[in-house]
Amino acid sequence: MIVLLTGDDQHAIQEQLNEYKAEIDSQWLTLCYHRFPADRVDRAISVARTRSLTGGKKLVIVENCHLKQWGDTELETLQQLVQVPEFTILVFVATNVDKRLKIYKHLVKYAKLFEFPLIPPWRTDLIEKAIATHAKKIKLVLSKGAVEYLAEAIGNDMTRAATELRKLYIYGNGRQLELAEVKELVPCQTQSSLQLASAIRQGESNQVLHLLDDLLSRSEPLMVIVATLLTQFRTWLWVKSAIVSGIKKDSELAQLCNISNPNRIYYLRQEVANTSINALAKAVTMVLDLEMSIKRGAESKDLLLIILSVSRLFKLT
């Protein structure tokens, strides 16, 4: 079996990898479980093609395959995928891929594609559902209010959600946990990312510095911060563009901007009322560039400089 796992939801991808790993006999993991970086894809496929010494399944994982780093040599190597036996699970893992690439089109001829996108941070309904599902999976009993709070406090960071839910499971020891207890045990962090977006949009540089320093001091992942900003600014740009184009009904705005809850439009209208559409468009472009820079290894100092530059766009309007 050959699979390609893509997406920004690293927790979901790791869960899928764990499921594949569970299919391997634990006493033979040393012989039947292999991980390779993308630049060793030739070696990974060579290992995947060989029969397991135990006669059972073998798991071979090729990590960080955004595919753009592969050329004709790797394309030729991938011709050998047809020789990978059924008892081998060969997994290619990528944060994102360009589906227009020739090498991608070749890979998916043999590999099953599974996509794991992050839940947008404003889709609290989906976040609540994901948290409730995971809690049920580990037999953690939470009140409805507790689930709603966790969705607000954790946001779409499912890696953190898994950690916090495991902590609550140990604390609860089988009993239902109520909102007050959960608030004491799980601090609200994601809200700060949304507050950061609002401060940037309002051109409040001092507040931007304060919120960003708070996020970084708690070791909030740079990609999580940027993902929240990008989603928020895209939403503001879509709504502003729709309003400028003459769309008046909230239901039409919600449908056009892919917003599941039409009631949210009232607040979005207020947020973009005095905001320049040009500034929003430039902000989205700058945050997109920032996202790519972080994926290439940019650090927190780079994040600070660009976010302050984005904030200045709105200070001038």
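The legends below describe views of a predicted model of one protein chain.

View 1. Taken along the principal axes, the C-alpha atoms fill a box of roughly 65 × 55 × 40 Å. The chain has 317 residues, of which 46% are buried. Of the contacts between residues at least 6 apart in sequence, 75% join residues at least 24 apart.

**View 2. The surface and charged side chains of the protein chain.** The accessible surface comes to about 16,800 Å², and carbon and sulfur atoms account for 51% of this area. There are 40 positive and 35 negative side chains. The centres of these two sets lie 4 Å apart.

**View 3. The largest nonpolar core, of 39 residues.** Leu196, Ile200, Leu229, Phe233, Leu303, Ile307 and Phe314 are the residues with the most contacts inside this core. At least two core residues are supplied by each of α10 (190-201), α11 (205-217), α12 (222-244), α13 (250-256), α14 (264-272), α15 (277-295) and α16 (300-315). The largest share, 10 residues, comes from α12.

**View 4. The surroundings of Phe314.** Leaving aside residues up to four places away in sequence, Phe314 touches Ile200, Arg201, Gly203 and Phe233, as well as Thr275, Ala279, Leu280 and Ala283. Two of these partners, Ile200 and Phe233, are listed with Phe314 among the residues with the most contacts inside the largest nonpolar core.

**View 5. Another nonpolar core, of 26 residues.**

Notes
Residues are numbered from 1 along each chain as its sequence is written. This is a predicted model: local features need pLDDT of at least 70, side-chain atom pairs count only at pLDDT 80 or more; totals for chains, interfaces and linings use all residues. Side-chain values use heavy atoms; hydrogens and water are left out. Buried means under 20% relative accessible area, exposed over 50%, partly exposed in between (1.4 Å probe, protein chains only). Contact means heavy atoms within 4.5 Å. Accessible areas come from the Shrake-Rupley method with a 1.4 Å probe; for residues, only the protein chains shown count as cover. Lys and Arg count as positive and Asp and Glu as negative; His and the chain ends are not counted. The place of a charge is taken as NZ of Lys, CZ of Arg, CG of Asp or CD of Glu. A nonpolar core is a set of buried Ala, Val, Leu, Ile, Met, Phe, Trp, Tyr and Cys residues joined through side-chain atoms within 4.5 Å. Helices (H or I, at least four residues) and strands (E, at least two) are DSSP runs, numbered from the N terminus.
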